[in-house]
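Please open the structure in your viewer and keep the selection panel at hand. The tour below goes from one selection to the next.

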Amino acid sequence: MITAQDIEAGLGARQFQLYYQPKFSMAHGEVCGSEALVRWCPPDGSVIEPGAFLPLTHSAGLSPRMSAYIVARLFEDMAVLGPTRFAPVSFNTVATDFEDDALSGQIFAGMAATGTAPASLEIEITEHHALSCSPRVLANIRRLREAGLGLVMDDYGLGYSSVDTLSKWPFTSIKLDQGLVQRMLNSDKNAGIVRSAIRMAHELDIGLVAEGVETAAQYHFLVEAGCMKMQGYLISRPLALAALIAHERFAPCPVSMAVGLVQMAIVDHIQWRRKMVAYTLRHAGEPADSPQRAATDFPTLNCDKCQIGRWYRNEGATLAGSPTFALSERAHRRLHAIGAELVERMGQGADLEQVRPMLGSLQQTSLELLGSLLSLEDHGLATIYASGKPAPEGAARVCGLEMPAAVM
Ligand code: G
Ligand code: MN
């Protein structure tokens, strides 16, 4: 039976250690960060999991001491790790730790003393604690966020007001709770919840990490759904610092194309096109000199700044060199040129008859873009499921899909 006195004594004797669990990028097939997880390592050689002592730490009012200890240990470890493939390193906090500015001050001082870049740290906060805290907490966390640290909502899916919390806090990423991940293959409902959480993070333009991934089937489901980061026993258990550093390769490292991101691009395009057509139809009926004609209720015009444009430059770049990818990129650029022209003509007072041919080209180019994205998707699915053999490029053949002549 652990008591609060045991925990205080353990803190005094420096019996708590940080273990590090790698985070893995499914888009790049490489480690892309890690999470620091506290373990109690008493002299008898046992290792006590946080579930056995953190609730008591919290209820006995020892959380501020524990967090100060963890942050001090973290910076000792960061000094050993230096710039590393295990960055960004995230660490767990409770929101109430930020009631006064002691902890944030300690973090700023630790970064200065060890030369740790703010971008190589992420603060994880469980939603449960984020819900009930004061404006001072949010102010302290904002200061850290503004300095460049990441802010991660831990255990997403456990609470009940996550969406509201997400809109109020400057989160850069969410962690899908491991229970949700472990149940997602048991029912269509659970699968739908996970898929829509992934889509939501995409729409909010924040990261998402799936926790507790243990099987290849879970991994593949997540890749297909567009999740690009995971952590879990499939890649690695949490490791003591020395073991982490010694670890060369995290096997098995399933390699697959980031096929879920192609699906995201398909949906992104469908949304972009609908907004463009709705904008045109909305304004085409207005008098040519209506002030409404200057409205900016159209989708992003800059082809590098829309969701697909950013995908081409980031994760999508792993597909550069594929002819189908290049075709899709050209169609995407043409679409934006047509969109810009539509907006210009609307501003000049054009009516529906005058822009009808442009709506026709928008439709045609849209089909070309979708055609090449669907081909890419089939190609990606084949890299996962066709016994590791990539399908031929331009893979209309994989599913007997007819491609518009312009795309092939
Ligand atoms: O929610 P939080 O990030 O604090 O949870 C991390 C905890 O989950 C750690 O204690 C870690 O040891 C454990 N954990 C990490 N990966 C897995 C996994 O794949 N399966 C299970 N069952 N537990 C895991
Ligand atoms: Mn966590």
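Which residues coordinate the manganese ion (ligand 2)? Select Glu35 (OE), Asn92 (OD1), Glu124 (OE) and Asp154 (OD), which coordinate the manganese ion at 2.1 to 2.3 Å; donors here are N, O and S atoms within 2.8 Å of the metal (3.2 Å for Na, K and Ca), and water is not among the atoms, so sites may look incomplete. Along the chain, these donors follow the spacing E-x56-N-x31-E-x29-D. Glu35 belongs to strand S2 and Asp154 to strand S5, so the pair ties together parts that are 119 residues apart in sequence; helices (H or I, at least four residues) and strands (E, at least two) are DSSP runs numbered from the N terminus.

Before moving on, note that this is a predicted model, in which local features need pLDDT of at least 70 and side-chain atom pairs count only at pLDDT 80 or more, while totals for chains, interfaces and linings use all residues. Residues are numbered from 1 along each chain as its sequence is written, chains are lettered from A and ligands numbered from 1 in the order in which they are written, and side-chain values use heavy atoms, with hydrogens and water left out.

Next, select ligand 1 and the 16 residues that surround it, of which Arg39, Asp155, Gln178, Glu211 and Glu214 are the closest (a residue counts if one of its heavy atoms lies within 4 Å). A polar side-chain atom of Glu211 is 2.7 Å from an oxygen atom of ligand 1, and an N or O atom in the side chain of Glu214 is 2.6 Å from a nitrogen atom of the ligand. At Tyr233, a polar backbone atom lies 2.8 Å from an oxygen atom of ligand 1.

Colour the shell by element: strand S2 (30-40), strand S5 (150-156) and helix H8 (178-183) each give two or more residues to the shell around ligand 1, and S2 provides the largest share, three residues.

Two backbone details remain. Select Ala87 and Pro88, which are joined by a cis peptide bond with omega of about -5°; Pro88 lies in the loop between helix H3 (63-81) and strand S3 (89-93). Finally, go to Arg14, in the loop between helix H1 (4-12) and strand S1 (16-25), where phi is positive, about 55°, although Arg14 is not a glycine.

Terms used
Polar contact = N/O pair within 3.5 Å; in protein donor to acceptor, adjacent residues only side chain to side chain.
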